[in-house]
Amino acid sequence: MNFIDTVAHHIERFSHKPFQEYASSAQFDGHLRIYPTLACNLRCGYCVNEQMGQRPHVYRTAPPEMWSKAINREHRHIVLTGGEPFLYKGLPDLVNGVTAELKIRIYSNFCLDLQDALSAIKRPVHFYISWHPQKRADRKRFLANVQKMYANPLFTADIHAIDAEETRATLDDDLAFFSSQGLHLDKDADQRTFDGSCQPALHTAVCAKTIYLIGPDGTRYQCVSRMMRNDHPLENMLEGPLKTPEAVSVCPDFGNCAPCDILGETQMAIF
């Protein structure tokens, strides 16, 4: 059942109309958004994955050759995110196994020792790198990783620093340090702006998302919140071809969404 039919059925069943409707302006880009791990080396209070009020579900992880085979079969550009993707031990092998004509983007905090991992990647990658001022984040290690990345002509990057209430005590000092080393970082705004997250009361919503969102074991989910809770899994990418990118459901958990659940092509009718 599509979004419009599902909303109509819900109105008829409960004899009331949506009190709010939401539609994002984003268009489906066709990419696979893959979370090879949900583990992270940082614990940022403003992290979108921390906003569900619980630790993420612990998934078994798949070997890199299974990922590469499935990605090449789907023949779609990929985004590798998390968690921290470099905590997935086979990340260079996964990346190197993807056919050359497919684009790869990796979201990372670049705070681990990545010298060997970056050397092991042998194909083009675009990195989205975020500096998170935290006790566990080492400025010199971050800088060394960025310098290593820029020294490789196969790599390109966008680099920013997270501008949140929790980071402002040290953020300007960090940015001054990086600037003194020839690295300019733009500030990126706090992501906690979606009305569906961090709410004391939950509502029912008819939600439609056009997206491929894949968890660490290859299972597809409609949204980040459901992936974090292992709630309502869809098909498994590692077991066979993916179905239509559109997923429609009646969800009782609007108000406990991740802030990034509105990213991508999204429609909601909130009751």
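**Entry 1: charged side chains**

I began with the charged network, and I find R226, R229, D231 and D253 linked by salt bridges in this predicted model. I then searched the whole structure for such contacts, and the search returns 11 salt bridges. I remind myself that side chains of opposite charge can pair when their charged atoms come close.

D29 forms a salt bridge with R33, and the closest N and O atoms are 2.9 Å apart. Asking how open the two partners are, I note that D29 is partly exposed at 36% relative accessibility, and that R33 is also partly exposed, at 22%.

The pair of R73 and E74 is a salt bridge whose closest N and O atoms are 2.9 Å apart. Here R73 is partly exposed at 37% relative accessibility, whereas E74 has 15% and counts as buried, because the limit for buried is under 20%.

K187 forms a salt bridge with D172, with 3.4 Å between the closest N and O atoms. This pair links distant parts of the chain, since K187 is in strand 7 (residues 186–189) and D172 is in helix 6 (residues 168–180), 15 residues apart.

Which residues of helix 2 are buried? For helix 2 (residues 64–74) I list P64, W67, S68, A70, I71 and E74. An α-helix has 3.6 residues a turn, so residues three or four places apart point the same way. I then checked what these buried residues pack against, and I find strand 2 (32–34), strand 3 (78–80), helix 3 (91–96) and strand 9 (212–214). Following the chain past helix 2, I come to H75, which has a positive phi near 50°.

I traced an open sheet in which 8 strands follow the order 7-6-5-4-3-2-9-10, with mixed pairing. Its edge strands are strand 7 and strand 10 (220–221), each of which pairs on one side only. Strand 9 and strand 10 run antiparallel and are joined by 2 bridges, and I see L213 standing opposite Y221 in strand 10.

Turning to the helix that carries D172, I find that helix 6 lies across strand 5 (125–131), strand 6 (155–163) and strand 7, and that helix 6 runs at about 145° to strand 6.

**Entry 2: aromatic rings**

How many aromatic pairs does the structure hold? I count 11 aromatic pairs. One of them is F127 with F155, which is edge-to-face, at 5.2 Å centre to centre and with 90° between the planes. Because F127 lies in strand 5 and F155 in strand 6, this pair ties together parts that are 28 residues apart in sequence. Are these two residues buried or exposed? F127 is buried at 0% relative accessibility, and F155 is buried with a relative accessible area of 5%.

I next looked at W131 and F142, whose ring centres are 5.0 Å apart and whose planes stand at 65°, so I record the pair as edge-to-face. W131 lies in strand 5 and F142 in helix 5 (residues 139–150), so the pair ties together parts 11 residues apart in sequence. W131 is buried, with a relative accessible area of 1%, and F142 is buried at 0%.

Extending the search from F127, I find that ring pairs link F86, F110, F127 and F155 into a cluster. I also note a charge placed over a ring: R139 lies over the face of F177, at 4.5 Å from the ring centre.

Finally, I traced an open sheet of 4 strands, which has the order 1-12-8-11 and antiparallel pairing. The edge strands of this sheet are strand 1 (20–23) and strand 11 (246–254), each pairing on one side only. Ignoring direction, I record that neighbouring strands of this sheet are turned by 15° against each other on average. Strand 1 pairs with strand 12 (residues 265–270) in the antiparallel sense over 4 bridges, and within that stretch of the model I find Y22 opposite M268 in strand 12.

Conventions:
Residues are numbered from 1 along each chain as its sequence is written. This is a predicted model: local features need pLDDT of at least 70, side-chain atom pairs count only at pLDDT 80 or more; totals for chains, interfaces and linings use all residues. Side-chain values use heavy atoms; hydrogens and water are left out. A salt bridge is a side-chain nitrogen of Lys or Arg within 4 Å of a carboxyl oxygen of Asp or Glu. Buried means under 20% relative accessible area, exposed over 50%, partly exposed in between (1.4 Å probe, protein chains only). Contact means heavy atoms within 4.5 Å. Two strands pair if DSSP finds at least two bridges between them. Axes are lines fitted to C-alpha atoms, for helices over the stretch in contact, and angles run from 0 to 180 degrees between N-to-C directions. Rings of Phe, Tyr and Trp (its six-membered ring) pair if their centres lie within 6.5 Å; planes under 30 degrees apart count as stacked, over 60 as edge-to-face and the rest as tilted. A charge sits over a ring if NZ of Lys or CZ of Arg is within 6 Å of the ring centre and within 35 degrees of the ring normal.
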